[in-house]
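Dear colleague,

Please find the structure below for your records.

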Amino acid sequence: MEDWSLETWTRWFSYSALLAEPPSVWHSTATQAALISKLLKKYGIRKGLILDAGCGIGRITIALAELGYDVLGIDISPKFVEKANERIARAGVEDKARCVVGDLRRVQEVVKDVRFDGIVSWYSSFGFYGDEIDKSILRGFAWVAKSDAVLLIDVENRDSVLKARNYQENFAWTMEFGDYVMIAESKYDPWSSMERSKVSVYQKDIKGLEKVAEMPLQFRLYSLHELAKLYKESGWEPVEAVGDWEGSPFKPLSPRIILVGKRY
Ligand SMILES: C[S@@+](CC[C@H](N)C(=O)[O-])C[C@H]1O[C@@H](n2cnc3c(N)ncnc32)[C@H](O)[C@@H]1O
């Protein structure tokens, strides 16, 4: 029986918190933060309070704080948040940045009376829950945003992902991080654009690989027009789409969808 409860997700993200980020992502953090800052400024947010929605270990939180923004990071994984706050202290930006544990599906309850100038959901932190819940997350973002706020969501572009897999429905992938290896069997459902995976986590030891966990993972792969429609239905006017972390204009097979929205 697949179980998509909060507990399952917390367990999944606690496991993934044990793992390091892929180096390619780390190496381009400054480029990614520069693009975020450029887009925020272009749409009028030169300073102010930014929500890093799904902050992980504070990669973007810290980079934006270093660029002068005040940043609150929220993440469902207590292990990620603990690491994020340690890294914030090490970077010396405690006066500009802080991360807290919280579920973005109830963002209004997490932040209560704070209102944001910008909301950033970066590096595939959006799409775990399917269209209806994703829409309610966007409505929650509109609720905690100031009236002229800007939203930036960065996810993989479904069309480029499917092309890279030669449009196969079933595929397997592995990822190795430090002492852990993840082996996944995934299936893409064209009716919902949900990718559902069974992920096994193995720990390396002297005898080989020992299985330490097995859990389901699901992800909604969005096309640009679907994400734009979700924005429009939840209080955000889509105003620009960028196709990669270098800031290229969006093209049908761009690797990423970085969709800029203005609150309406
Ligand atoms: C791929 S990571 C990206 C982390 C970070 N944005 C970055 O760029 O390094 C996705 C993050 O989304 C978080 N997340 C997923 N669902 C969440 C939810 N409902 N509430 C808060 N955080 C969530 C995960 O714990 C994870 O840290």
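Ser 193 is placed in the loop that runs between β7 (180–189) and β8 (194–205); strands (E, at least two residues) and helices (H or I, at least four) are DSSP runs, numbered from the N terminus. Although Ser 193 is not a glycine, its phi is positive, at about 55°. Ser 193 is partly exposed, with 18 other C-beta atoms within 10 Å; a residue is called buried at 20 or more such atoms, exposed at 12 or fewer and partly exposed in between, with C-beta atoms placed from the backbone.

Please note that this is a predicted model, in which local features need pLDDT of at least 70 and side-chain atom pairs count only at pLDDT 80 or more, whereas totals for chains, interfaces and linings use all residues. Residues are numbered from 1 along each chain as its sequence is written.

A positive phi, near 55°, is also found at Ser 124, a residue other than glycine. Ser 124 sits in the loop between β4 (116–121) and α7 (131–143), and it is partly exposed, with 16 other C-beta atoms within 10 Å.

As to the overall division, the chain splits into domain 1 (6–157 + 222–263) and domain 2 (160–219), with bounds from an automatic or database domain assignment. The C-alpha centres of domain 1 and domain 2 are 24 Å apart.

The unreviewed UniProt entry annotates residues 50–144 as "domain: Methyltransferase"; its positions are given in the numbering used here, and such annotations may be inferred rather than shown by experiment. The span 50–144 is 42% helix and 22% strand, and its end C-alpha atoms lie 11 Å apart.
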